[in-house]
Amino acid sequence: MHAGTRRHTARLIPALLAAGLLMTACGTGAGSSEAAGPAAKVTVTPAAGATPAKLGSPISVKADGGKLTTVDVKDDKGATVPGKLATDGTSWKSEGRVRPKTTYTVHTKATSAMGKESAATATFTTEQADKVNKLTNTPGDGQTVGTGMPVSILFDHPIAKDRRAEIEKALKVTTQPHVEGAWGWVTDWSGKDRIDWRPKDYWPAGTKVSVKGALSGVSSGAGGWFVRDYDFGFAIGADHKAVIDVPSHTLTMYENGKPVGSVKGSAGSVQDPTRGGVHTVRSKNAAETMDSATIGHGDEWMLDSQWVTHLTASGTFLHSAPWNKSLGVVNNSHGCFGMTTSDAKRVYDFLTVGSTVEVKGTASTKKTAVGNGLEVWQETWQQWQQRSALK
């Protein structure tokens, strides 16, 4: 029996040892959870608090003592804020900046260096902007325009000079096919700040253009802020242009560089010569009243005209002039190019917004300001490039 007992005891020893090892392993597992120490410390900037967060910064999340596994940020409308996690997993940064008067909720999950998982939620609200700066874009989204049309962005409030470079960087033009071009800062005829993008040369017909402005949360200076991003696109239509030869009283229409017809008319007189250079059609009206007071001639005339094609903002138009008995013979207008009603309609139908009209042989020596309409072609490519805030 003693021998048997010894044999039984001997058999139990390995089993007890195994059980002891198993208990030790289990004990180590429980102990490792405690030994893992504190969870990774997650910091969100801007920080939560009763005081509204300052504007002008992105949202950033940082994990000390571990790595971020999930970062989910939403604004108070439920929209997800895009961002990028660093390669080492220790930080995350939003693609844009915080918007004025917006509440953001940041959900995070992190794992410490010892494998301890944790989750946290942070909420903060940003301060209100003194002024919300909006923009008006030309052309409109989805519009088809002529081969001379610039991208033109007009701002509601002034843009401080020290903010222009950052705003220009936030604006992107993508074209299909690729077209070289550049942004330039302009003072609009209204006195407001404007930025235009013009191609180096005229657009190829059929070009597709996309414009994006990552402006949300960007300061425009003097208490002004942008509160949203912008995204619009347009297409370039047929290559239709016109050339006015002042001495011969003739407007010739061109399609793809070839003349397709001409009309006779009367350009500006010696006292009020038609402005020279290359103009861009900025708008059109089927019917309009010509008021002398709008161009500094008091109450000299008030005439009804049809098929009015607008070039400069200051009043250089192509239009019907049935009252003029010297069309095609004498240049006697106040700077416009007047035609018969039928010829004015023909020109009106041929030229689209964004088409160019070049005036040659005029006695005018006035330089037309770029902001006096969409007059980006009044300057050479080298001159235009100097308007960039990034030069």
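Two strands count as paired here if DSSP finds at least two bridges between them. On that basis, in this predicted model, 4 strands come together as an open sheet, and the order runs β1-β2-β5-β4. The pairing is antiparallel. At the edges sit β1 (41-45) and β4 (83-85), each of which pairs on one side only. Going from one strand to the next, the twist averages 10 degrees.

Zooming in on one pairing of that sheet, β1 lines up with strand β2 (residues 58-64) in the antiparallel sense, over 5 bridges.

Elsewhere in the chain, Thr 250 gives a handy local picture. This residue belongs to strand β20, which covers residues 250-255. Is Thr 250 buried or exposed? With a relative accessible area of 12%, Thr 250 falls under the 20% cut-off, so it counts as buried.

As for its surroundings, and leaving aside residues up to four places away in sequence, Thr 250 touches Val 243, Ile 244 and Asp 245, along with Ser 262, Val 263, Lys 264 and Phe 337. Lys 264 turns up again at the side-chain level: the side chains of Thr 250 and Lys 264 make a polar contact at 3.0 Å. Then there is Ser 266, which lies 16 residues from Thr 250 in sequence, with a C-alpha to C-alpha separation of 8.1 Å in space.

Terms used: Residues are numbered from 1 along each chain as its sequence is written. This is a predicted model: local features need pLDDT of at least 70, side-chain atom pairs count only at pLDDT 80 or more; totals for chains, interfaces and linings use all residues. Side-chain values use heavy atoms; hydrogens and water are left out. Helices (H or I, at least four residues) and strands (E, at least two) are DSSP runs, numbered from the N terminus. Buried means under 20% relative accessible area, exposed over 50%, partly exposed in between (1.4 Å probe, protein chains only). Contact means heavy atoms within 4.5 Å. A polar contact is a pair of N or O atoms within 3.5 Å; within protein, one must be able to donate a hydrogen and the other to accept it, and residues adjacent in sequence count only if both atoms are side-chain atoms. Axes are lines fitted to C-alpha atoms, for helices over the stretch in contact, and angles run from 0 to 180 degrees between N-to-C directions.
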